[in-house]
Amino acid sequence: MEEQITLIQAFKQEFDLREEQVKQLQLSCFVEGIPIMDAFENIAITDENRILRVLSKHLGIPMLEREDYPEKPVLLEGVSMFFLRKHSVLPIHVESGRVRVVVSNPIDLGLLNILGGYFSGMDVDLVIGQREEIRTAIDRLYGTAAREAEAQSRDGLAINPDRFEEDLEHLKGLAQEAPIVRLVNVLISRALDMRASDIHFEPFEHAFQVRCRVDGVLFDLDQPQKGMQSAIVSRLKLMANLNIAERRLPQDGKIKLRFGNREVDIRVSTVPTIYGESVVLRLLSQEGVDYNLANLGMDKADLDYIGGLIERPYGMILVTGPTGSGKTTTLYGVLKRLNSVTRKILTVEDPVEYQINGINQIQIKPQIDLTFANTLRSLVRQDPDVLLIGEIRDKETADIAIESALTGHMVLSTLHTNDAPGAITRLRDIGIESFLMADSLLAVLAQRLIRLLCPYCKEEYDARDVDLNRLGEILPDLPPKLKLYNNKGCDRCGYTGYKGRQAIFEVLQISDDVRSAIVAGKDAGTISQTASRLGYRPLVHHGFRKVVDGVTTLSEVLRVTSLS
């Protein structure tokens, strides 16, 4: 009983449990015999990884990492898939009369006794693993679909054009079998738990790799057997209502799923490669996006300036940066602040990623000639107060945007340039007259997304001379004894040391001096120098201030600003 109390106290300390939660957990686990994860779910705690790591440390039983699951079954004779799945146990290694078994509930004494009888005549070593990972491995190693997928790979059905029609119905059935369905669902669920924005299913010559992008950086998620590639890809295409018979052309689709209380919209893109179809899932979780302009990372002075600017009746504000730098989120933050019953707001986007109540959003469709330019010609007759254009890509779109800004509309849009002054050069290159830019532009923002240090494990250190020299190039008057932080890594941030992202900004105010430089046809460098005298600072300035504030690391800012 003393050991049970000690374990409960370890859980209490890890999760800061209230006394009633401690009593409920003790009753569930050690009196009623409820599986430990179910017991924690009853007290509204679902972080299985943290729970198992407490068990691992307390019991001295190692944790099994995902990549350590076997590629082939280690036992075939006498193995009951029903028994393995029911108890979430799996043999992972057999050698010289010893069997290593992964379990998800190592405090279930009844199960441990059953294991002793099940693997009679063998010494049993335990390791700890997550329930869904164990069940996924069971399905992969012992499931009917896994065996058929392996047979399909051996027979060459997936890549044999002479047997294409015969294979199609077989593949459709295979993709709907429970193990493949469960595997795909587990991969998506795991990616959501990691706060991933994308999942990449990538075929190679001898491997099928699954990776996910977390805070803008790709990480390995899983590597299913190569023989399961066709079944997994077909499952994803069926979920997105795509044509599984079409393997030669790119396809796009959508999936809507519910995981527990989470609803997630998924954009699906497939493209053919020389080793099969590559599939990318874009995970769009509405509740996971913060459209509050004040929470995006902007300085108070810039925030106040932009907040006053968007209240003007007309003019154009541009946001620049590469793909994935958060431009759309910034513009949605502006729209959220402007959204009221007194304003008519229209957007033209490709694609419409998130729906916002009270705003008319239009998805362009080039295949039916519903382009940015064609749509905008009609929208100006819809009498909008605010017009958001997803991206200015050509002269025709730019002409309509500027004309709208000059004729009584607030226009918001994006451009792909490296910095704010570069937007002037870009518009000039596509044929826009300088005097029109000067008259219509109110401000240009440039931005990047930086990863934020995990608050649970960031590690303080005294800034080195090299750090002070680098920061001092941009920030004057640094204290000689400056404290900075390293990204250490823990289980709460996936051992990356970072958790979440925030934007860094530069804001080019179109003052009278800047406007005169634009009209005079000055280049981006000259415009930047002119604006600097009035307070303009480049992206790296904002990024370095966040380093000094302990929000991120110097290496992270240098990574996103492309400085070496």
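**View A. Buried residues of helix α18 in the predicted model.** Within helix α18, which spans residues 465-472, the residues Asp467, Leu468, Arg470 and Leu471 are buried. These four cover an arc of only 165° around the helix axis, and they therefore lie on the same side of α18. An α-helix has 3.6 residues a turn, so residues three or four places apart point the same way.

**View C. An open sheet of 3 strands.** The strands follow the order β1-β2-β3, and their pairing is mixed. Because β1 (89-95) and β3 (123-128) stand at the edges and each has a single partner strand, one side of each is left without a neighbour in the sheet. From one strand to the next, the twist averages 25°.

**View D. The pairing of β2 with β3, and helix α6 on the sheet.** Strand β2, residues 98-103, pairs with β3 in the parallel sense over 6 bridges; Arg98 has Asp123 in β3 as its bridge partner. Helix α6, formed by residues 109-118, packs on the sheet and touches β1, β2 and β3, while the direction of α6 makes about 140° with that of β3.

Terms used: Residues are numbered from 1 along each chain as its sequence is written. This is a predicted model: local features need pLDDT of at least 70, side-chain atom pairs count only at pLDDT 80 or more; totals for chains, interfaces and linings use all residues. Side-chain values use heavy atoms; hydrogens and water are left out. Two strands pair if DSSP finds at least two bridges between them. Helices (H or I, at least four residues) and strands (E, at least two) are DSSP runs, numbered from the N terminus. Axes are lines fitted to C-alpha atoms, for helices over the stretch in contact, and angles run from 0 to 180 degrees between N-to-C directions. Contact means heavy atoms within 4.5 Å. Buried means under 20% relative accessible area, exposed over 50%, partly exposed in between (1.4 Å probe, protein chains only). The arc is that of the directions from the helix axis to the C-beta atoms.
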